[in-house]
Amino acid sequence: MSRYARRAPRYPRRAGRLALRAGSLAVALGVWQLLTSLDIDLWLRFSQFPTVTDVARTFADRLSGPDYWTDLTDSLTRILSGFLLAAVLGVATGVLVARSRLAEDLLGPVLEVIRPIPAIALVPVAILLFPSNEQGIVFITFTAAFFPVLVSTRHAVRALTPAWEEAVLTMGGGRSRILASVVLPGALPGIFGGLSVGIGVSWICVISAEMISGQYGVGYRTWQDYTVVDYPGVFVGMVTIGILGWLTSTAVEALGRRLTRWLPRTSYDVGSGPRPRAARSRGTAPPAPAGKGAVAIEAADERAADEEAVHDRPKDKGSDSRTEEARDEHLV
């Protein structure tokens, strides 16, 4: 048993972790119920908040009516339309800007000027530009997710090791083969990092856009509840937004883990702490993405590891110099 395994603290199994998460949520709800039911007013005015039971009662009433499901469907349609469009165009533009100096010079300045502008600040532009509010809300959602995906893709593509591309070139592969076998698979972890951030920002902006110019939708209904001083209804909208954001973000992350399952990950064993699934040699590149040319890439990584092992090995005064020369000649 390794020294790290002996010192690692024990951690609950999967069932225990689920119970711990459920318990933390129950404690948070209990504190909320206690503070609001007792009308605690210290510096924060919890007496103005509805209790958990009031919100739960209103939530149950909304679930039994048709308006809630109509709002849910409209918000999901808007978020999925804008997010999927941003995912496709963001990845394509990020790869193009990272791989082409001409594209970087032409598109880079324009994108960098627009990127700092908050997506919600583009609501007046969307109202003037699009003939319907529905299209404007989808545009706001698209803009919110586009730039996180673009920036993450651009950095992920630029961080790829040149050895992979050179290995595909030595096997006669062209640009299309490099794009399909090296660039896109190798950049997937960074791409899904941007997608995970983008889906969260999209929810923020779509709810805000619905509050300003929407008709139906979770954001629109939440704002309407606020205008008529229906605070339990406001919290129903907030809880709905939180659940929808959590579900969509979890779906994106699960898809990312499935598509990047070839990456080495750390598994957590009970009582033994984190244990790497695949040991990675110091200084070597991560495993090559699957596809044609992967054999050559793996061979290049193995040769690099062998060379580093030879250079890092301490010299033995009694070793045979001819053996070292033969090994060096074999590596070359």
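Predicted model: local features only at pLDDT ≥ 70, side-chain atom pairs only at ≥ 80, totals over all residues.

Colleague: How many aromatic pairs does the structure hold?

Modeller: The structure holds 10 aromatic pairs. Rings of Phe, Tyr and Trp (its six-membered ring) pair if their centres lie within 6.5 Å; planes under 30 degrees apart count as stacked, over 60 as edge-to-face and the rest as tilted. Phe146 and Phe147 are edge-to-face, because their ring centres are 5.1 Å apart and their planes sit at 80°. Tyr216 and Tyr220 form a tilted pair, with 6.5 Å centre to centre and 50° between the planes.

Colleague: What about the accessibility of Tyr216 and Tyr220?

Modeller: Tyr216 counts as partly exposed at 42% relative accessibility. Tyr220 is partly exposed too, with a relative accessible area of 24%.

Colleague: Which residues form an aromatic cluster?

Modeller: Trp32, Phe46, Phe49 and Phe235 form one.

Colleague: Let's zoom out. How many helices and strands are in the chain?

Modeller: There are 13 helices and 2 strands. Helices (H or I, at least four residues) and strands (E, at least two) are DSSP runs, numbered from the N terminus. Of the 332 residues of the chain, 34% count as buried.

Colleague: Which residues have the most contacts inside the largest nonpolar core?

Modeller: Those are Ile140, Phe146, Leu195 and Trp203, in a core of 51 residues. A nonpolar core here is a set of buried Ala, Val, Leu, Ile, Met, Phe, Trp, Tyr and Cys residues joined through side-chain atoms within 4.5 Å.

Colleague: Which helix gives the most to this core?

Modeller: Helix 9 does, with 14 residues. Helices that each supply at least two residues of this core include helix 3, helix 4, helix 7 and helix 11.

Colleague: What does Ile140 touch?

Modeller: Not counting residues up to four places away in sequence, Ile140 touches Ala119, Leu122, Val123, Ala126, Cys205 and Ala209. Contact means heavy atoms within 4.5 Å.

Colleague: Okay, now Thr143. Where is it found?

Modeller: Thr143 is in helix 7, which covers residues 133-158. Thr143 is buried, with a relative accessible area of 9%. A polar atom of the Thr143 side chain lies 2.8 Å from the backbone oxygen of Phe139. Leaving aside its neighbours within four places in sequence, Thr143 is in contact with Ala119 and Leu122.

Colleague: New topic: how many residues does helix 11 have?

Modeller: Helix 11 (residues 231-259) has 29 residues, and from its first C-alpha to its last it reaches 42 Å, close to the 42 Å expected at 1.5 Å a residue. That expected span is 1.5 Å times one less than the number of residues. Its buried residues include Phe235, Thr240, Leu244 and Val252. Among what covers the buried residues of helix 11 are helix 2 (14-37) and helix 10 (218-227).

Colleague: And Tyr231, what does that one touch?

Modeller: Tyr231 touches Gln48, Pro50 and Tyr226, not counting residues up to four places away in sequence. Tyr231 is found in helix 11 and is partly exposed, with a relative accessible area of 34%. The C-alpha atoms of Tyr231 and Phe49 are separated by 7.5 Å, though the two are 182 residues apart along the chain.

Colleague: Last thing, the backbone. What is phi of Asp39 near?

Modeller: Near 55°, a positive value in a residue other than glycine. Most residues other than glycine have a negative phi. Asp39 sits in the loop between helix 2 and helix 3, and counts as partly exposed at 47% relative accessibility.

Colleague: Where is Val229?

Modeller: Val229 is in the loop between helix 10 and helix 11. Phi of Val229 is near 60°, again positive in a residue other than glycine, and Val229 counts as exposed at 53% relative accessibility.

Methods:
Residues numbered from 1 in each chain as written. Heavy atoms only, no water. Buried < 20%, exposed > 50% of the residue type's maximum accessible area, 1.4 Å probe, protein only. Polar contact = N/O pair within 3.5 Å; in protein donor to acceptor, adjacent residues only side chain to side chain.
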